[in-house]
Every structure is written in C-alpha cells, then in structure tokens.
Amino acid sequence: MRRNGVAAVSALLLCLFFATPHASALTPQDEARYQTLINQLRCLVCQNQTIADSNAPLAADLREQVKKQIEAGRSDAEIKAYLTDRYGDFVLYKPPFKPTTWLLWIGPFVLLLLAVLLALRFTRRRASPVAPPVVDAQALQALLDAEHREDEGARR
Amino acid sequence: MRLRYLVPVALLLGLLVLLGIGLRHDPREVPSPLIGKPAPALSLAVLGREGSLLKTEDLKGRPVLVNYFASWCAACVDEHPFLMQLAAKGVEIIGVDYKDTPEDVQAWLARHGNPYRTVISDPQGSAGLDWGVYGAPETFVLDAQGTIVYKQIGAMNERVWEDRIAQHFGSRP
Amino acid sequence: MIPELGHFALIAALLVAVLQLLLPAWGVYRRDRRLMATAASAAQTQFLLILTSYLCLTWAFVSRDWSLAYVAANSHSDLPLAYRISAVWGAHEGSMLLWVLMLSAWGAAVSVFNRRLPPDLAATTLAVLGAVGIGFLLFILLTSNPFTVNFPVPDNGRDLNPLLQDPGLVIHPPMLYMGYVGFSVAFAFALAALISGRLDAAWARWTRPWTTTAWLFLTGGITLGSWWAYHELGWGGWWFWDPVENASFMPWLVGTALIHSLAVTEKRGQLKAWTVLLAILAFALSLLGTFLVRSGVLVSVHAFATDPARGIFILSFLAAVLGIAFVLYAWRAPRFVSEGELALFSREGLLLLNNVFLVTAAAAVLLGTLYPLLAEAFNLGKVSVGPPYFNMVFLPLTAPLAVLIGFASSVGWKRARVAEVFRRARLPLLAALIGGALLPLLLGHRLLIPAVAGGVLALWMLLTSVQELWRRVRARREAWAGLTQIPRAVWGMSLAHAGLGVWVLGVTFVSLYSIEQDVRLGPGQTAELAGYAFRFDGIVPRPGPNYDADHAQVQIEHEGRPVASLQPEKRLYRATRQVMTEAAVDHTPLRDLYVALGEPIDKNNAGGDWALRLYYKPMMRLVWWGGVLMALGGLIAVSDRRYRLARVASTQPLSSQVPA
C-alpha cells in the first residue's frame, strides 16, 4: 500500500544525512539566507530531515530551486510561498502564524500565565494561618507504626 | 472545588480520542494544496512524437488521469496492471515519465504494456516540482475544466478508484 | 530447545505477574500479612523468569539461530559478537523484552530494598507493578513475540540495522529504558498512596530515591542518545526535536519536576496531591512515548516497523492504566490536605515555581509533538512542527528556571530573609555578568546578545552551586572535614545544578558559533574552516567484519602546527547493501572538529574528488559533560545515608511484632 512500505528504520538508511556540496556562487549574505532557508524546510521524501541534510534527489531539486530564486532576487517569504503553494505547510519546519496555528504558538504562553496565576493564588490562599505546624518525619513514622500495630492487634 | 481533580481524567479522554484518530491516518502522506485548483502550467515533449508538446490546455474538455511514473519506480509496477484495466475501460491516462530517460521508459513500456494515451517526459522533474510531486507514482484526477479534484499518493488500486475517483468519470465505464 | 524455554519462561512470567497483582491485593483487602508477603516473592520470581527468557533470546542471537524470525531479521553470521548481544534490543520485539526485563528488575529491587516498608504499602506497590507487567507481557506475547519461529529456516540472517552497529547504541537503549521504566516505581507508590489514603513525609522519603534513580538513568540515556546521533548520523547535530526525542524528554521534564515537588512534600508536608499527580504523569508520559514511537502515528526518524494491532493494544493499555490512575486520583486526592502555609518567597515557593515552569515546558513539548495529529484530526491541514518552533517556545519557558536555580540553596524553608538572600547572590551575580560578557571575546567570537545571556545564566548556575559547597566547607575549621561533612544530598543537588550550568554553556556556544562547510576536495587539497586547515589525503579501501569501507585520511593543522589526524569512513554493509557514514571527531573541552565523508564527485573514481562536510563546534563536549554531571548528581543524592537511616528507623517497631 504505502510506497515506503519498508520498515521506517531502513527507510532512514536511504535518507543519509548528507547533501552533496554545491559550488557556491552566492554572496556571503545570500549564502547565509540560503543556509537558513534550507535548514528550515522539511524534505518530503526523507521526512525527518531538512532539505539541507537530506541526500534525496527531491531535496537536491528543492535546494537548487531555493538557490535559483535567491539569485533571482526573490524574498524569503516569496520562496516559502512558492514551496507551500506546491507542497503545503508541511514543508515548513517553522509553522506559519495563522488562525489554524494560533493554539500552537500562543498556547504554551497562555498556559504559563495560567499556571503562574494558579500558583500565586495557591500561595496567597494558603497564607492564612490555620494549619498546625509541620510534624517531623520521625514522629509521623511513629504514628504510622502505631497504626499498624493497632491493625495487627485488631486482627489477632 | 473537587472538580479540578477531574481535569486529568478529562485531558486523558481527549488525548485518547486524538491518538485513536491518529492511528487511522498515514502520517507520511502529504495532502496536496492543489486540490480544487486549476492544474499547474505544463509544457512537455511527447514521447515518441518528435517536436510535439503537450500543454495544460490539452488536458481540458474531459476528465483525465495524470499519472507520474518512472521506469525506476517499484510501486509503479504494482499499480500497472490496474492502470491497464482502466485503459481498457476507456479511461484516458496521461503518463508523465518522471526523472527518467526515454530509452529506459520505452523499454519499460515494451515489457509491461502501455496504458497511457500519451506519455510526456519530465527528465529533470521540473513539472513534478510545479505539481507538488514528491515521489512516484502519484496520480492526479482532472475534471473537464482542468481542475485537480483528487490526488492519489502511491499506487492506484481498485478501492481508491471506486471510492474516490470513478465518480469524476461520470457514468462512463 | 532453548528458544522454547525462553518462550515458556515468558508465559510463566505472565502467570506470576497475575499472581503478583491478585494475591497481595487480596491480602491488603483482608489485612492478611502472609498474603501481602507473597508480593515480594512473586516480584522476584517474575524477574528471574523474564531474565531466563531474555538470556534464551540472547543465546539464540549468539548462536546464530535463524529458526527464530526475530533473530533472522536482525542478525547475520558475520556480525561481531558484541553486536549480536546488543542486537537483542535492536528492533521492536526484543526491545520490548528488554523493557519488561527492566520493569521486573525494578519490581524485584523494590521487593528487596523495601522489606521494611509498612507491609500494606509494599504489597500495594508491588501489586501495581505486577499489573503494569501483565500489560506489557501480554503485549509481547500477543503482538510482538520475539520467539516466533521462522519456517523454512533461512541460510543466513538479514543483518542488524547498520545504524545500530555502534557502541553508543549498545548502551543507550538500556539506559533510556531503565529511566522510562523506572518511573513505574514512583507511579506504583503514588497509586499505593491513593489506595491507602495515606500520604505523609515518610511516603515522600521512600519515593524519593526511586524517582531520583529513574531520573538519573533517563538523564544518562538521553545524553547517550544525543551523543550517538551526533557522531553516527553524520549531520553534526545533537538534538532535532524529533518525536522520538521528545518522547524521552517529556518524562524527563516531569520527572525533574517530581523530584523537586517530592522535596516539598517530604520537608513541608505540602503539594501532596500535586506530587501524586506528577508521579502518575511522569509514567503516563513514558507510556505515551512508547505509544508514539511504536504505533507509527507520527513521522519519526526512529519509528519501529509498525503494525496497527500494536498501536491499538498500547492505546487500550494506556487507557486502562491511566484511566484507573486518574479516576482514583479524582476520588482520593482531595483528602490529601497540605499542612501549614506556603510563602512564595521561601524554598517551597521557589520549588513551586520550578514546577510551574517545568510542567509548562513539558506541556509545550507535548503540544508541539502532537499538534500535527491535532491539526489532521480537526482538518486544519498538514503541518510540521520542527526545531525552529521548539527553540522559540522552549527557551522563554525555561530561562526563568536558570534564574531560580541560583537561589536554590540560599533561600530557606518556610520563609526566607530577603536581605540575606540578596547579600549572598551579589558576588556570583556580578561574576556571572562579567564572565558572561567576556567569555565570547576571550574565545575569539563575535559578541552576540544571546551568547552573553546564555553565558550569564550558565555561570550564575555554576557559581551559585559552587558557592554553596564553599560556604559549607568554610563553616568548618578544617577544609577536609568540611568537605566530608557535606551531606550527599547537597553534593548531589549542587552537582546536578552545576551540570545544568555546564550544559547551558555548551548549548549556547555550540548553537550560536558553530561553523559548517560542504567542500569538494581532491587528494592533497586543503580547505580552511575557523582557522583550521583540513587536508584531504585520499581514500583507502578497508574491509571490516561485515562491511567494506572507504577510509579517508584528513590531516588538520592550526597555525602551521598539526592538530589532529581524522579518519572518517563511508561503509557499505554487505548483507543489507546499506551505506553508512562514520564521522570522525577531534575534541577538546573548547571545541570539536568534525569531518563527515560524503560521496565521490565522480561515482566511478574513488581516487578523485570527494564531497566532505566539515564542522567547527565550540564547547560541544560541555553538552555531554553537563548531562553526565547531572546524572552523577542524581547518583550521589541517591546514596545519601538518610535514605538508609529512614528505613532503619522504620524497622524497629515493626520487626518487633512480626512473630505471631
């Protein structure tokens, strides 16, 4: 059924983490942009690699595309749009910020805020002195043991 | 007050449902963003007809299957008999020979038989890139307006055809 | 014969596990101490049976018994002995057997070391472990049996996955599993507390060493896994936020939170229900990790061969175990009332904040890991959540922890004196600020704000940890006496915190200042990287036991002086026809030089130009050393004598009335 019907581990072996070097004709700034971009794009064949790392032929094609478009003066956003138009958001290792990913991007921080508020409320609520002082471990142990003896006694 | 102690159970239920749904999906399949959109531009040499090009406009007017395949692709051999059946029923299949050489594909077609009305060559995979192809075989279903209505990733088979594709070919075979 | 024995032992172990659940449970219900006592012998018997089964499978590997499907699929007659032994856990079935072996080992250890626990607590704990064991043994026997027979018997095996033929992988999975599985003990203690309705300082004290032990194994396992990926995959990275990595990292984060909340529960009798919840969660995340890795719901580098039946089984098991645990929690936890007040500016207050950040960070990792699933389930499209996301979200969530750690020992229990705390913080803070700013410059790097921030935080953690030890040494008249008088728990904490500082320093520098370059070199040609000259001296063919390698020579010079000679390899494994790169690394504490061999530019001319990838990675070693220090801190903390004293103290009254 699946094209990659082989066990996934062996599929990984076809996905060596090795890209053939390209002869760099880019300016240093463009080269940096190129590296950043290809390190954020996901390869569709070897799906757990960036196109920078993958040696799959498709990854090589995509690297070539990215390079060509940088040379043609296209912006990062335009290059990403070119790829998502064809392959969807799946190619972006950094998911775009849009309604369907709001939960993903904001969720953790909302959660943190909530957790901090809860913790603060917890400390404040408990600040009212009602409970007895802490019993030390030894004393507690003695209590526990006494309880056991009682249990035993009850059974016998 | 005691309600908050139920939060973990609730979260667990949600998680279980989510994981249960997840079990039924194939995580490796990347759905195409091109579905519902007009087929991307295409202009490729027709195999065996020197100087003749096939363009996107040529795909309009009737439903067709556009099948990306290659002589190096193992799963293409698996789906091949079914494509032969479809062709025999009169379904028009356009073959795009993906990242391959004319010699190899001629030999492959001679050996297995040719289900394609037309075969066009995409030796560099540049058309494949525009169509969002990431392997072979992949099959696009185009309606009469030239809109992509479905994409099958991986080998085509009877079930996919009956469930997802046959409807677009109307009452014809 | 021997494989049949192994299979039989495994079935027997399942029966014993059933007894380990039922007899003690009945005993606790009837308050019958003799029935409760069966738990210990059942746990030990179960361990011996699974060990037998495991050794039988190992024997099948060692003796190249291709009649077992699992052996034939994961070994080969040319495979060296060490890898034939480690191949037992090289794929799904055998690694599950290793998993239950460790689960039963933890159970047996509990039965031996906890003889002096209140008998009902010990019995309930072991019964819970028995129940967990039943689930995993059934899983193996029903869906993943390594003793399935092959017919007809093949002439030779298909060989172990070449990726796994590496010393790092020989020890990484056992370590990691010890950690994963070890949280089952804390889980069992938590359930015992819920069932008995008793949760006190003694309970926390008994649970602590088990939790710390599991945690230190997990720390070691993750560190080793990262080290293995770094030098075996040839990509120069050490962490990719892959689902399988996250699966081990989430229990680590929650386990770390648990260690800290247990301290509060023990010392102050607070956060009781929360501690129990964390103990359940740490194990829940271990189970979830197992599900994620073995069911194939997510795309991962290290997915096992998947089978829907396995996914459904683990999911049902997950539902049963966690369902019972959480329902029990909802029912019983409200009775765990905490004692006294909890002031924010006190040690328990800081530990509460520590929990807030750690648990939120774990939740963020969970959200990112499962989001692709969530998006697909709700038809929100197919998304990838990768390293850029995790780095952006995880750093702000955890950076405050680094600040808190600096106050770990200066803030006292109950209520701290603000002035005193800040007086003590002045010196390390000043030193961290200056050191953090100077460090990049001293090492010849550009000054980057994130680097300074990371350096300051790292030094802050390091210096405050050392300061605490120093303060305690100075409190004594003699330095040596001072050193030996420091309780091991304090040593452990300081080492672990210092380890985190070392780790942060490494991560900061390696992420910000690494340089990599893909080059094309012919024999005799040189490439320059970060001031180092890499000279490629060509390739020699070199056969290994079960592979053929292209063995490259690379000489590295720095300012005209030879620094290192590296031999990266490209191996073709004969049985599987798979190609692997063996990267070569020269390392000092301050930098790694890393060379990976790619392909010959002309496929037919190995004597011509080759593609190579070169890396300069500053402070890479500190990432591993930080992990090692943390694990070592855990080890020392566990050996603290008060855990032993606690047991002795609880012995006397109980043992005096045993004979009846």
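The model is predicted. UniProt, in an unreviewed entry, places the feature "transmembrane region" at these residues of chain A. Chain A as a whole has 6 helices and 0 strands. From the N terminus, its elements run α-α-α-α-α-α. Of its 156 residues, 35% are buried. Among contacts in chain A between residues at least 6 apart in sequence, 50% join residues at least 24 apart.

Helix 11 of chain C covers residues 308-332. At 1.5 Å a residue, its 25 residues should span 36 Å; the end C-alpha atoms are 36 Å apart, so expectation and model agree. Buried residues of this helix include C:Arg310, C:Gly311, C:Phe313, C:Ile314 and C:Leu315. Further along, C:Leu318, C:Val321, C:Leu322, C:Ala325, C:Phe326 and C:Tyr329 are also buried. An α-helix has 3.6 residues a turn, so residues three or four places apart point the same way. The cover over the buried residues of helix 11 comes from two chains. Chain B contributes helix 1 (7-23). Chain C contributes helix 6 (119-143), helix 7 (167-196) and helix 10 (272-295), among the covering elements.

The contact between chains C and B takes 25 residues from chain C and 18 residues from chain B. On the chain C side, helix 10, helix 11 and helix 12 (347-377) each give two or more residues. Helix 11 gives the most, with 11 residues. The chain C side divides into 20 nonpolar, 3 polar and 2 charged residues.

The largest nonpolar core holds 269 residues. C:Ala186, C:Val254, C:Val276 and C:Ile280 touch the most other members. Helix 7 of chain C gives the most to this core, with 18 residues. Apart from this core lies another, of 22 residues, among them C:Phe534, C:Phe536, C:Tyr594 and C:Leu597.

The domain assignment divides chain C into domain 1 (1-160), domain 2 (166-339), domain 3 (412-514 + 624-628) and domain 4 (515-621). Taken over C-alpha atoms, the centres of domain 2 and domain 3 of chain C are separated by 28 Å. In their contact, 6 residues of domain 2 meet 4 residues of domain 3. Helix 8 (201-232) and helix 9 (243-268) of chain C each supply at least two residues of the domain 2 side. Helix 8 gives the most to that side, with 4 residues. The domain 2 side divides into 2 nonpolar, 2 polar and 2 charged residues.

C:Gln555 is found in strand 4 (residues 547-558) of chain C. This residue counts as partly exposed because it has 15 C-beta neighbours inside 10 Å. Leaving aside residues up to four places away in sequence, C:Gln555 touches C:Arg535, C:Asp537, C:Pro562 and C:Ser565. C:Gln555 and C:Asp537 are 18 residues apart in sequence; their C-alpha atoms are 7.4 Å apart in space.

Terms used. Residues numbered from 1 in each chain as written. Chains lettered and ligands numbered in written order. Predicted model: local features only at pLDDT ≥ 70, side-chain atom pairs only at ≥ 80, totals over all residues. Expected span 1.5 Å × (residues − 1). Buried ≥ 20, exposed ≤ 12 C-beta atoms within 10 Å, placed from the backbone. Contact = placed C-beta atoms within 7 Å. Core = buried A, V, L, I, M, F, W, Y, C linked by C-beta atoms within 7 Å. Nonpolar A, V, L, I, M, F, W, Y, C, P; charged D, E, K, R; others polar. UniProt positions renumbered as here; feature names shortened; annotations may be inferred. Domains from an automatic or database assignment.
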